[in-house]
Amino acid sequence: MKIWLVRHPKPIVDSGICYGHLDLEPESEALIVATVTLSKKLPLNIPVYTSPLLRAKSLAESLLKVRSDLTLHSDDRLKEMNFGCWESKPWNDIPQGIIDEWVMDFPSHRFGGVESAQDVVNRVDYFLQTIKSNQECIWITHAGVIKAVHFLKTSITGQLRSAQDWPERSIGYGECELLEFNDHNRP
């Protein structure tokens, strides 16, 4: 199975703001650049699964305007982590003790009261299991989901043990990478 992981274009939001489920529009110039670049790079005639959040969905819809060979499917499981009460708040306004609690119990702590990192891993894993009959597809999604896919690719159990298990590496806004799964790794 091959998944083309695409991160949404840069959203319109002030620097330093905590956002996950916050529905933000992409910057218009970034959307155009990503559409042009990705329309030439992504393979033909494969399904596109997108987060329904505007910054990802806008890119998917823009790609479909120039690539009629693609088919679009929206799925909530591709949304970014929900940071609950911390959504739209400056990171600098979040008490350090709250962030420390999250890091200390990273797998199960619901930062903002809604969703834990393990919850994100579980929903991404469930989505992977749902679509694994596809030989190749495109996901237009978010950094947290992309990191969850990387974690699942290398994890035997699919269970986070600590914050150190969470991948540090991420792709940039509007960029893509190809991730291949085989018989020796998940899903």
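Modeller: Helices here are DSSP runs of H or I with at least four residues, strands are runs of E with at least two, and both are numbered from the N terminus. Please keep in mind that the model is predicted: local features need pLDDT of at least 70, side-chain atom pairs count only at pLDDT 80 or more, and totals for chains, interfaces and linings use all residues. Numbering runs from 1 along each chain as its sequence is written, and side-chain values use heavy atoms, with hydrogens and water left out.

T35 has a relative accessibility of 6% and therefore counts as buried (under 20% relative accessible area; exposed is over 50%, partly exposed in between, with a 1.4 Å probe and protein chains only). What does T35 touch, leaving aside its neighbours within four places in sequence? Its contacts (heavy atoms within 4.5 Å) are L59, S62, L63 and V66.

The axes of α1 (residues 28-41) and α2 (residues 54-66) come within 9 Å and cross at roughly 50°. Axes are lines fitted to C-alpha atoms, for helices over the stretch in contact, and angles run from 0 to 180 degrees between N-to-C directions. The two helices are therefore oblique to each other; angles under 35 degrees count as roughly parallel, over 145 as roughly antiparallel, 65 to 115 as roughly perpendicular and the rest as oblique. The crossing of α1 past α2 is right-handed, meaning that the near helix is turned clockwise from the far one by less than a right angle. On the α1 side the contact uses L31, A34, T35, L38 and S39, and on the α2 side S58, L59, S62, L63 and V66. By class, six of these residues are nonpolar, four polar and none charged, where Ala, Val, Leu, Ile, Met, Phe, Trp, Tyr, Cys and Pro count as nonpolar, Asp, Glu, Lys and Arg as charged, and the others, Gly among them, as polar.

The loop between β1 (2-7) and α1 holds V13. V13 is partly exposed, with a relative accessible area of 24%. Not counting residues up to four places away in sequence, V13 touches Y19 and L24. V13 lies 15 residues from S28 in sequence and 13 Å from S28 in space, C-alpha to C-alpha.

For comparison, here is another helix pair. The axes of α4 and α5 (residues 143-154) come within 9 Å and cross at roughly 70°. That makes α4 roughly perpendicular to α5. V120, V121, R123, V124, D125 and L128 of α4 meet G144, V145, A148, V149, F151 and L152 of α5. This contact divides into nine nonpolar, one polar and two charged residues.

Rings of Phe, Tyr and Trp (its six-membered ring) pair if their centres lie within 6.5 Å, with planes under 30 degrees apart stacked, over 60 edge-to-face and the rest tilted; the count comes to 10 aromatic pairs. In one of them, the ring centres of Y49 and F127 are 5.4 Å apart and their planes stand at 80°, so the pair is edge-to-face. Y49 sits in strand β2 (residues 47-50) and F127 in α4 (residues 117-131), 78 residues apart, so this pair links distant parts of the chain. Y49 and F127 are both buried.
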